[in-house]
Amino acid sequence: MQVHAFAFCEIQAGWQLAKNGMPDAILVHYVLAGSGTIVVEGQEPLRFGPNCIIIPPRGMRHSIGFAGAALAVTAEDARRVLPDGLIALTAGDGSRDILLACGSISARYAGALGLFDRLHDALVEDLSGSDRLRHAFAFMVEELVQPSFGTQEVTSALMKQCLAILLRIHLKEKGAQSPIFEALRDPRLVPAIAAILDAPGASHTVDSLAALCGMSRSGFAERFSATFDEGPIEYLQRARLQRAAKLLTASPMPVKVIAESVGYASRSYFSHAFKAAYGCDPSAYRTRATRMVQALEPLPYREAGAAGQDTGEP
């Protein structure tokens with residue numbers, strides 16, 4: 001799962017900021033400061049406070065700000081572009097009575113593996129009880145107060161950390177009572193999903209996943225397909241390929257080792273499946289990702305100095 005930081009929102013008291021949902025992405029709002037409400041179109045307002053994560057239903061129009069605010073602005077009208085590609089959305093005079101960091105999870109390749117796709121109500125989760133996450137939120141504030149080179153990458157990494165811990169809380173502590181899994185048609189599928197996400201490279205089978213859920217093989221397969229619009233093995237394969245894509249960009253391990261670690265005994269079969277999902281083979285994917293990272297790196301000092309000498313600059 002990759003979270004892309006793309007905006008921060010500053011909302012003055014007495015204002016609301018209206019946003020359109022993104023049909024091909026899941027929006028995630030991180031409340032860095034202030035308290036207010038989110039109103040999803042056609043739903044009751046939900047309150048939030050500092051250190052909350054807000055996930056509205058995918059593609060749904062919603063507004064964030066102060067309840068009963070007389071003043072409102074759309075995200076399109078509030079937008080300004082900052083260095084490093086970040087967008088600032090300002091509702092009011094720039095006062096940060098509410099400060100949000102906004103990220104997105106691409107729906108391509110089921111970026112959240114379907115966990116958020118079926119949310120019907122906005123999810124508001126208070127994470128202030130975690131010291132680690134409070135520090136992550138504070139770090140995001142520092143980065144966004146004075147955005148500079150690399151702010152988007154740093155903020156994206158912090159967003160991913162917070163969202164991963166949110167999922168861990170829901171998987172291990174709330175289980176079927178989580179609003180994420182309440183969106184599923186049958187919460188008995190939760191143990192299977194948790195097992196796949198926790199260890200996609202394990203030797204899962206339809207029988208073993210069904211046993212975790214206390215269901216028959218046929219009943220489990222039927223309910224799984226009805227919930228996710230694909231069978232459990234297809235879902236498992238996508239989870240494995242996502243883990244592999246992450247390892248290809250973050251680890252120097254050989255492709256064969258990565259293939260084995262995510263459950264593929266054959267490198268050739270792994271390469272074929274990876275290319276079908278991502279449009280290129282694993283080695284080309286790793287090369288492309290490496291070049292993108294290198295393009296973001298600052299020019300080495302000695303090269304910058306040489307360039308200055310060539311132009312006659314000191």
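In strand β7, serine 63 is the bridge partner of alanine 18. That pairing belongs to a predicted model.

**Strand β2 and its neighbours**

- β2 pairs with strand β7 (residues 62-65) in the antiparallel sense, over 4 bridges.
- β2 is also joined to strand β8 (residues 71-74) by 4 bridges, and these two strands run parallel.
- Alanine 18 has a bridge partner in β8 as well, namely threonine 74.
- In a regular strand, side chains alternate between the two faces of the sheet.

**Helix α7**

- Helix α7 covers residues 217-228 and has 12 residues.
- At 1.5 Å a residue the helix should span 16 Å, and its end C-alpha atoms are 16 Å apart, so the two values agree.
- Which residues of α7 are buried? They are Gly219, Phe220, Phe224, Thr227 and Phe228.
- An α-helix has 3.6 residues a turn, so residues three or four places apart point the same way.
- Ser218 and Glu222 are exposed on the other side of α7.
- What do the buried residues of α7 pack against? Their partners are α5 (190-198), α6 (206-212) and α8 (232-250).
- Just after α7, aspartate 229 takes a positive phi of about 60°.

**Nonpolar cores**

- In soluble globular proteins, nonpolar side chains tend to be buried together.
- The largest nonpolar core here holds 32 residues.
- Within this core, Tyr30, Ile53, Ile55, Met140 and Leu163 touch the most other members.
- The elements giving two or more residues to this core are the strands β1 (3-11), β3 (25-33), β6 (52-55) and β11 (98-106), along with the helices α2 (131-145) and α3 (151-174).
- Helix α3 supplies the largest share of this core, 8 residues.
- A second, separate core has 24 residues, including Cys9, Phe48, Val73 and Leu100.

**Cysteines**

- How many disulfides are there, taking sulfur atoms within 2.5 Å as the cut-off? The count comes to 0.
- Cysteine 52 has 5% relative accessibility, so this residue counts as buried, the cut-off being under 20%.
- Cysteine 280 has 11% relative accessibility and therefore also counts as buried.

How values were computed. Residues are numbered from 1 along each chain as its sequence is written. This is a predicted model: local features need pLDDT of at least 70, side-chain atom pairs count only at pLDDT 80 or more; totals for chains, interfaces and linings use all residues. Side-chain values use heavy atoms; hydrogens and water are left out. The expected span of a helix is 1.5 Å times one less than its number of residues. Buried means under 20% relative accessible area, exposed over 50%, partly exposed in between (1.4 Å probe, protein chains only). Contact means heavy atoms within 4.5 Å. Two strands pair if DSSP finds at least two bridges between them. A nonpolar core is a set of buried Ala, Val, Leu, Ile, Met, Phe, Trp, Tyr and Cys residues joined through side-chain atoms within 4.5 Å. A disulfide is a pair of cysteine sulfur atoms within 2.5 Å.
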